[in-house]
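Here's a quick walk through the charged pairs, the pockets and a hairpin. Have the model open as you read.

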Amino acid sequence: MKRFFPFIFIIPFLIIFILFLFLPLFFSLYISFCKIENYYNIFESLKFVGLNNFLKLLKDPEIIWSIIASFIYGILYVPLLVIISLFLANLLNNPLLKLKRFFRTIYFFPFLLDTFVVGIVLTLIFAFPYGFIYKILSYLKLSNFFKRGFLQDPYLVFLTVSISMAIKNSGFGMLLFLAGMQSIPESIYEAARIDGANSIQIFKKITFPLIKPIVYFVAFFGFIGAFSAFSEFYSMTGGGPQINILNYTLSETSVSGLVLYRFASQLKLPEAASFSFVLFILFLIIYFSTKKYREV
């Protein structure tokens, strides 16, 4: 009886897990293979259609583009996030820096803010032609180079959102990198300095290799965050601007998160569920294809 006694404490969480996580997950998988014939009685009107929902998604240019757009955002956002986080952590790890707690709080604070609210504020800052950025550019006589606006220019919109979100979210990565750097024994650094290594060599040969698993962690979850991005694009671009690719008119920043929102708001629940599992399979592919980096 004593052996089974600890399991009694697990049962409440197990019930919550099954009711609110496992069953909805199972139902969403089931509904992705079905068609809803009566929205007033969803559970009894599901008709099994096999892989039709998945095949329909893969034939839709907007869906294909949303996955590509998420990739573009991830490729721009993740390196910026890692570089800015590493730079801030390295600054705060400097023993000569004073007021470390103050700077750590200042850098981490933007991460706590709601992304939608930050997006609205950034939209006002980047607004063309009366935003704060354009006032500065006008003062420097550079506004003519950005006549279409940072969030309206197809060549600048992804970069603008990526830089903005990388700066906003870098506080979390900074804390992880800082914890990793501070766990490295000081004796290793002292030995390197005695051997004549400079700051760049110490970072390249000691610090970075020892925090590489954290770099992978931040990069991987940053990429997942890029694929589930919604609030930043909803508030800053609304999916625009419009572009033309292979004779299809597409919304350039209509990333996968915006497509899922559109499906849900239009009550296209089977399409939303099937698209979610397509993204899930993509995450699994990324996870297993980067296995060698995790084992460093």
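## Ground rules

Element names first: helices (H or I, at least four residues) and strands (E, at least two) are DSSP runs, numbered from the N terminus. This is a predicted model, where local features need pLDDT of at least 70 and side-chain atom pairs count only at pLDDT 80 or more, while totals for chains, interfaces and linings use all residues. Residues are numbered from 1 along each chain as its sequence is written, and side-chain values use heavy atoms, with hydrogens and water left out.

## Salt bridges

Side chains of opposite charge can pair when their charged atoms come close. Here a salt bridge means a side-chain nitrogen of Lys or Arg within 4 Å of a carboxyl oxygen of Asp or Glu. That rule gives three salt bridges.

Start with K56 and E271, whose side chains pair at 3.6 Å, N to O. K56 sits in helix α2 (residues 52–59) and E271 in helix α13 (residues 269–289), so this pair ties together parts that are 215 residues apart in sequence. For accessibility, buried means under 20% relative accessible area, exposed over 50%, and partly exposed in between (1.4 Å probe, protein chains only). K56 is partly exposed because its relative accessibility is 48%, whereas E271, at 15%, counts as buried.

Next up are E62 and R262, which meet at 3.4 Å, N to O. With E62 in helix α3 (residues 61–92) and R262 in helix α12 (residues 256–265), the pair ties together parts that are 200 residues apart in sequence. E62 is partly exposed at 37%, and R262 counts as partly exposed at 27%.

The remaining pair is E186 with R193, their closest N and O atoms being 3.3 Å apart. E186 has a relative accessible area of 41%, so it is partly exposed; R193, at 45%, also lands in the partly exposed class.

## The largest pocket

A pocket, on a 1 Å grid over the protein atoms alone, is an open set of points where a 1.4 Å probe fits, with protein on both sides within 12 Å along at least five of seven lines; lining residues have an atom within 4 Å of a point. Grid points are joined across faces, edges and corners, and a volume is the space filled by probe spheres set on the points.

The largest pocket comes out at about 510 Å³. It has 18 lining residues, and N90, N93, N94, P95 and R193 are the closest to its centre. R193 is also the partner of E186 in a salt bridge. Helices α3, α7 (157–182), α8 (186–194) and α9 (199–210) each put at least two residues into the lining, with α9 giving the largest share, five residues.

## The second largest pocket

The second largest pocket holds about 350 Å³ of space. Of its 19 lining residues, Y77, L81, F111, N169 and F221 lie nearest the centre. Two or more residues each come from α3, α7, α10 (212–227) and α11 (231–236), and α10 gives the most, with six.

## A hairpin

Strands pair if DSSP finds at least two bridges between them. Strands β3 (residues 242–245) and β4 (residues 248–251) run antiparallel and are joined by four bridges. N244 stands opposite T249 in β4. The hairpin has two residues between the strands, and L246 takes a positive phi near 50°.
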